[in-house]
Structure formats: structure tokens, C-alpha cells
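These notebook entries record what I looked up in one structure.

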Amino acid sequence: MWWVGHHMPDDTFQCHVYLIEHGDRSVLVDPGGYLTFKHVYKKVQEVVPFSNIRYFLCQHQDPDITGSLRLIDLLPDVRRDAMIVTHWRAMQLIKHYDPALPFWNIDEHNWQLDLGGGRILKFIFTPYLHFPAAFCTFDALSGILFSSDIFGGFTANWTLFARDQSHIENIRPFHEHYMPSREILVHGLTKLEAYPIKMIAPQHGSIIPEHLIDFMINELKQTDCGLYALARDSTDIHRLSFLNKALKDITNVVVTHRDFWDIANELITILRKTIPVASAEFYTYAHNHNNECLCLKPETRYRGIITAPPAYYEPMSTLNKRSWLSQNKVCYKKIPIPQERIPDAKKTGEFCLLIPLFPPNRELIQAIAVLSLEHDVNMTFESEKIVEQIGEVLAVAVERECILHVLDMERRKFYEQAIRDPLTGLHNRLYMEETLKPFLHMHDRNEKDGIVAIMSDIDHFKKINDSYGHSAGDKVLKQVASAMTGCIRTSDLAIRYGGEEFAVFLIGQSTREGVFVAEKIRGEISQMKFEGVTNEHKITLSCGVASRKRKEPLGEFIQRADAALYQAKSTSRNKVCCEDDTPL
Ligand SMILES: [Fe+2]
Ligand SMILES: [Fe+2]
């Protein structure tokens, strides 16, 4: 095989022509355009007489391949039986040059050409890479793949052979722009891989020697193609490649992170490559029964906190995507930093970007992102695209965070209901057992961390219910509970233990202090006036106090305080008793 192309100085897009030397059945692969053909013609003749060329193989119809066909018609030494070998779809276009040579359709010849002498060229269909009927040619005898535009590259400093793996940096941008999609490219590459290729001879760029073939194929399989779908006014391949990478990074953020803190921080890092974002915060309606507005901001590690919606949010929340775009044309709005954030604004710039977040399948704006800018910025095509993509990702992430927040609120509400007595608001026995556990352990380890229990009971409570009704009885229970809470520290624990029975646990206190507190509660109750109960009817409380012995189970400890209470009840009532063997 011979390279019979012509190097055009200052052209980063070299177009190559190859000659398969095979006697009078030699093949000129992708013959070339007008610009280079006189050089190609000369070079061929340095190897074989031009009349040895029987086949002009056109792997697709581009002018850099077929532009020379009319020149060939004019040559004196073209053999009579020479043919243009191509696919019928390419033929439909090449015929417009009105070439004199006849066509030989590969699809009518079982996709192979027998050159005689045991040399067969195999044609491999690689549709849409980059022509709908593009194909490659494998010469089994030499192991060379003539890959046409696949494996092509842009080369600023051209070399005939790729020197090392760095040549992928020439190949990748060409494929990102000329090939339609990664899926289609992988489809073509997978077909090519099935052949025992020893060398790849592409129509552009450099020849790829055997040791680089696997590397190039694997790299190309990871390449995102179809970048021109992103292009608007920009045809700068590096800018488009940067944009493509940024968009891919954005999608990866939601795939690899679950925590909203991570997602928000990663997205801001990506944004900062094009937009000077100082900080970001998000607002969304919770869609719970109060339809509260949640704010997620860095100060609270992006945990949702209930807040008043910002003034600009309310009018936005009635817009759908179409109405937003008809008003604003783009997927964001630059506004002066709102008044309430002026202290922050002094630290940063004066503007922020407002991005409406539209969750999939929902019509109306679901949430908004507010990006404070370090300084004013002119939005480019790239930054707009990035903001648009980030908006889509954030919409899902904010919605997910909001759902989690609402579930968490519900869970807390049910937990509160489970651990509190609904009438008095005091905690119940379930909560008592759970909460006391660590304090019991602490006391077991250290005598000084004592716990005192005050068990108390409203005297003659049944009479109150009988005389004034249950509603009055309930009010008495509530008032007693409230007085009890008022007499203890927040670190102590007041429990509604049973009907009219209460328990108070004082943490880190002695029996003496327990009796003091019990006396305070008892004294207060005896002085109180109760709603719905006549002044003549005195309501009083009896209390029993006990200190926990180390290692004593909670049940036994309470029982001892209960025994002291029984003692108070069985003597005069309205009194505090201490368990006999507990020294004061
Ligand atoms: Fe092409
Ligand atoms: Fe080409």
C-alpha cells in the first residue's frame, strides 16, 4: 500500500489518497479533489503505470474524494475497464459529476471485491459516519483498514504516522464535530473491531500503527459526538468541546451525588467556570397543608427551613415554561440583588441571576434558584446553555429535597404525638423510658450523677370529676402539669404517669433537692385557683421522693418513690414524704 497523497502546507485538514498496488488490478482509494490530483497522478506513476489502476474506490461522495473524477476522465492512460467502486447511495450523488467511468456497486457484489491472486477487499458498512452510506475497506492481505473519515483528525503539525497516544487529541475534536452521535460511532467501531486490523489508513490526519489501534478505538468509544447540535453562533471547536464537557459534568453530578449539599456545591463549581457566582440559594413551596415556602441556603447547609417567600417569587409561581420564555426569552433573569440581601450584596456584586426551575411533567414553576454574582456579567451562549442544563438538574434535586423535608416534618410530628400526652403536653412513659436510659448509665458509672424521682398524685381527684364534671377535671390536670413544669429546670423531666399521677425526674440532684422541689410544687398547687372549681374546694398534691441507687433498675426506683407517695397518701395527704431509708 502506498500513500500517494499531497501535503498541502498550512492546511490542518489534510486529505489522503492511498494506492493498493496489485498489478493491473490496482486500486486508488478515495482518489481526491481538484486541488491535489496532479500530485497524486504523479506519485501513482512513480509506483505503477496509471493504467494499472482498475478501481477508483470512493468510500463516500465528498469533493475531497470525488472532485478528481472528471480530471481522471481527461487522462490519456486510464484503462478502458476502470470503474468507480462505491455504494449505490453515493452513486446517486457522484453521478452529478457526470463521470465517464462506470459504477461498480459494492452492495450488488456481496460487499467485497476480489482483486485476484487471493486478495479480497472487504467493505464494511459504517452508516452515518459521516455520510448515510459511508463504508470502510479492509484489505485482509495487508491487514490495512482504509477507514475514510473515521479515525480522521485535524493536524496542525502533520505527520504521516501517528507518533503516540497524543494523536487522539487530533482525532477527538474531528469526531465530536463530524460524527453524529456516540451511539452511531460505537456501532461503526464495533463492526470494524471484528477485523484483524494491523494498520488504519484514514482519509484525514495520520496513519495509525498497530500498537495505537486499541487505544484509539477505546478513546473514540467514549467520545461525545454531534457537538454541532450545540452550536449557535459559535463554531469554535474548543469552546464547544468545553461546553460539551460542562454539560456532561452537570448530568454526572446528579448521578454521583445524593446529598443536596454536594449537588449544590458541585453545580456551583461548574457554574463558576463561566459565571462569577458568589453564592446560591433556592426557594420552593413545600406543597404540604400550609403550603409553606422552604429556603435552602448554604448558611443552613442547604437544609430546608421555612421562610417567607421573596417578593419576586410569588408572581413567578403562576408562570409555566412557555409564558416565562415569552416574557424573558432566556431561561434566567438578571435582577438587582433584592433589598433583603443588601448586606450580602455589599460583599458581592449588585446583581443576581434568577432561574426558574420547572420539574419534568409539571407545568408551573416549582422552585427558583437565586445566584448572587460577584460582579455583573454578559451572558454568552455557553453560559446560557450551562444555566439551562443546571436548571433542569436543580429542578429535580430541589424537588427531591423538598419531598424529603416534608416527609421529615411529618415524621417529627408523629414522633411528637407518640411521646407526649395530648391533654397536658407533658411527655409520656414511653418517652420517659427512652430518655432516662443514658442518665441511668451515667449514674451507674458515677455516683455524683444522681437522679431523684418525685411521684405525685392529686388528692381526691375522683371527687373533682364527680362534682364538677370531666371537663373541669381535665382543666385541673392541665394546670397542675403547667405548675409542675414551672417549678423544674428544662433539663429535668416531667411525665404524666397515669390518670392523675405525675412523675418528675431531677437529673444530677440529691434527695434533699428533690424534697425541696416537691415541696415547691406541692406549695404552689395548694395556693392555686382552678378554673371551674369553687374556691372552697382546695386541690392538693401528695408527693413521694426517692433517690436512685446505683445499678437499680428504673422500675424498682420508681416503685420506691411510689412507696413514699403511698406513705404521704396514707397519712395526711397534701404532703411530701421521703423513702424511709434515704438519708436527707
Ligand atoms: Fe467526508
Ligand atoms: Fe473526508
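Is Asp 10 buried or exposed? I found that Asp 10 is exposed, because 5 other C-beta atoms lie within 10 Å. The classes I used are buried for 20 or more other C-beta atoms within 10 Å of a residue's own, exposed for 12 or fewer, and partly exposed in between, with C-beta atoms placed from the backbone.

Basis of the entries. I am working from a predicted model, in which local features need pLDDT of at least 70 and side-chain atom pairs count only at pLDDT 80 or more, while totals for chains, interfaces and linings use all residues. Residues are numbered from 1 along each chain as its sequence is written, and chains are lettered from A and ligands numbered from 1 in the order in which they are written.

Backbone entries. I placed Asp 10 in the loop between β1 and β2; helices (H or I, at least four residues) and strands (E, at least two) are DSSP runs numbered from the N terminus. Asp 10 is not a glycine, yet its phi is positive, about 60 degrees. Trp 111 lies in the loop between β6 and β7 (112-116) and counts as partly exposed, with 15 C-beta neighbours inside 10 Å. I then looked up the peptide bond between Leu 129 and His 130, which is cis with omega about -5 degrees. His 130 belongs to the loop between β8 (119-125) and β9 (135-139). For background, most residues other than glycine have a negative phi, and most peptide bonds are trans.

Open sheet. I traced an open sheet of six strands with mixed pairing, in the order β1-β2-β3-β4-β5-β6. At its edges stand β1 (2-3) and β6 (103-105), each with a single partner strand, so one side of each has no neighbour in the sheet. Strands count as paired if DSSP finds at least two bridges between them. Strand β2 (residues 18-20) runs antiparallel to strand β3 (residues 26-29), and three bridges join them. Ile 20 is opposite Val 27 in β3.

Strand β19. How many of the eight residues of β19 (residues 451-458) are buried? I counted eight of the eight, so the strand is largely enclosed by the rest of the structure. One side carries Ile 451, Ala 453, Met 455 and Asp 457, the other Val 452, Ile 454, Ser 456 and Ile 458, and all are buried. β19 pairs with β21 in the antiparallel sense over seven bridges, and Met 455 stands opposite Ala 503 in β21. With strand β22 (residues 541-547), β19 also pairs in the antiparallel sense over seven bridges. There, Ala 546 in β22 is the bridge partner of Ala 453.

Ser 510. I located Ser 510 in the loop between β21 (501-507) and α17 (511-527). Ser 510 counts as partly exposed because it has 16 C-beta neighbours inside 10 Å. Leaving out residues up to four places away in sequence, Ser 510 touches Gly 450, Val 452 and Ser 547, where contact requires C-beta atoms, placed from the backbone, within 7 Å. Ser 510 and Val 452 are 58 residues apart in sequence, but their C-alpha atoms are 6.4 Å apart.

Domains. I recorded domain 1 (2-228), domain 2 (237-411) and domain 3 (429-578), with bounds from an automatic or database domain assignment. The centres of domain 1 and domain 2, taken over C-alpha atoms, are separated by 49 Å. Their contact takes five residues from domain 1 and five residues from domain 2.

Methods:
Contact = placed C-beta atoms within 7 Å.
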